[in-house]
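Take a look at the model below.

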Amino acid sequence: EDRSFWKLAGARAALAKEKNWQRFVQPYLYRPFDQVWLFAMKPFVHRLRLKVMQHLQRPNIAMCVGRAGLVTSGPWDLVFCTKYMCDHNIFYRGSSTNFPLYLYEDGKSVDLFLENETRRPNLSSGFTKALASKLNIRFVTSAHGDLKRTVGALDVFHYVYAILHSPTYRSRYAAFLRRDFPVIPLTKDVKLFNALVGKGQELTDLHTMGSSKLSAAVTAFPVAGSNIVTRVKYEPDQARVYINDKQFFEGIPSDIWQMTIGGFPICGQWLKDRKEQTLSYDDIQKYQQIIVALREMSRVMDEIDDIIPSWPLE
């Protein structure tokens with residue numbers, strides 16, 4: 001059906017002219033931990049946001065950050081990361097602002113498929129100079145430094161990601177976070193910086209489903225059946241979430257069930273988005289990996305607070 005922003009005839013005509021249409025089938029992060037596929041051809045997608053999303057078609061990672069006043073009235077949890085294009089409303093509502101770590105440039109046009117691999121860190125010189133001065137260390141544009149004499153762009157990303165997942169940071173600056181984007185404090189303690197880089201990398205690996213820990217399932221799906229999600233009901237006394245009258249995932253404690261990212265209760269929302277669908281073997285494995293990721297995420301967040309001696313950072 002035609003819309004003001006989309007015409008079927010125009011989309012068909014564009015597709016007919018495209019000989020290599022398969023290249024437009026792209027991984028797409030719809031919600032936290034919920035990767036789907038998108039046919040990323042401009043006539044088929046409303047507001048493809050090429051100026052940002054072009055940078056996520058090559059090796060990259062982006063931080064998605066929201067403002068609490070636009071999304072949720074609960075505790076601030078409006079940060080996630082992605083290696084792929086992502087939905088503008090990755091959070092509950094109010095959208096997110098996406099910050100690719102690297103910007104790819106060809107100097108000509110905005111295109112999802114730039115062939116030139118020239119890239120630069122998406123970090124202001126003022127910030128990198130302040131960080132280098134604070135730590136008495138040199139910033140380099142490569143992903144990693146040795147964290148003794150040099151610090152790299154991805155190291156900075158991981159440090160920021162760790163800070164934004166500190167429970168104490170979120171509660172201490174809750175009033176500010178309700179009205180504005182987060183501000184990142186810098187430390188002069190190289191040992192603390194390095195420890196936070198490590199924790200940020202753990203979180204990044206968990207959120208992009210690249211952690212080796214995800215293979216160690218802590219839940220079970222023990223009852224055979226249709227695998228159709230007809231209802232989603234959590235039973236805290238049994239640590240189970242039912243997907244229909246007979247089938248359930250078990251081994252999900254209440255604290256993990258209640259965890260939210262971007263205002264979404266992840267354990268329940270992922271299943272509700274599959275209402276009336278049949279879970280495949282891969283879906284069942286993926287859901288169990290998400291539970292592991294949330295459990296490990298909770299552990300890492302507590303460890304971040306444990307290694308930060310005091311606030312404000314020094």
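## The mixed sheet

R31 sits opposite D34 of strand β2. Strand β1 covers residues 25-31, and six bridges tie it to β2. These two strands run antiparallel. Keep in mind that this is a predicted model.

β1 and β2 belong to an open sheet of three strands. The order is β2-β1-β5, and the pairing is mixed. Strands β2 (34-39) and β5 (85-86) are at the edges, and each pairs on one side only.

## The antiparallel sheet

Another open sheet also has three strands, in the order β11-β12-β13. Here the pairing is antiparallel. β11 (233-235) and β13 (248-250) stand at the edges with a single partner strand each, so one side of each has no neighbour in the sheet. On average, neighbouring strands are turned by 15° against each other, direction ignored.

Now zoom in on β12, residues 240-242. Three bridges join β12 to β13, and the two run antiparallel. R240 faces E250 in β13.

## A helix pair

Two packed helices are described by the angle between their axes and the distance between the axes. Helix α8 (residues 190-207) packs with helix α11 (residues 281-307) at an angle of about 170°. Their axes are 10 Å apart. Angles over 145 degrees count as roughly antiparallel, so α8 is roughly antiparallel to α11.

Which residues of α8 and α11 make the contact? From α8 come L192, A195, L196, K199, E202, L203, L206 and H207. From α11 come A293, E296, M297, R299, V300, E303, I304 and I307. The residues of this contact divide into ten nonpolar, one polar and five charged.

How values were computed
Residues are numbered from 1 along each chain as its sequence is written. This is a predicted model: local features need pLDDT of at least 70, side-chain atom pairs count only at pLDDT 80 or more; totals for chains, interfaces and linings use all residues. Side-chain values use heavy atoms; hydrogens and water are left out. Axes are lines fitted to C-alpha atoms, for helices over the stretch in contact, and angles run from 0 to 180 degrees between N-to-C directions. Helices (H or I, at least four residues) and strands (E, at least two) are DSSP runs, numbered from the N terminus. Angles under 35 degrees count as roughly parallel, over 145 as roughly antiparallel, 65 to 115 as roughly perpendicular and the rest as oblique. Contact means heavy atoms within 4.5 Å. Ala, Val, Leu, Ile, Met, Phe, Trp, Tyr, Cys and Pro count as nonpolar, Asp, Glu, Lys and Arg as charged, and the others, Gly among them, as polar. Two strands pair if DSSP finds at least two bridges between them.
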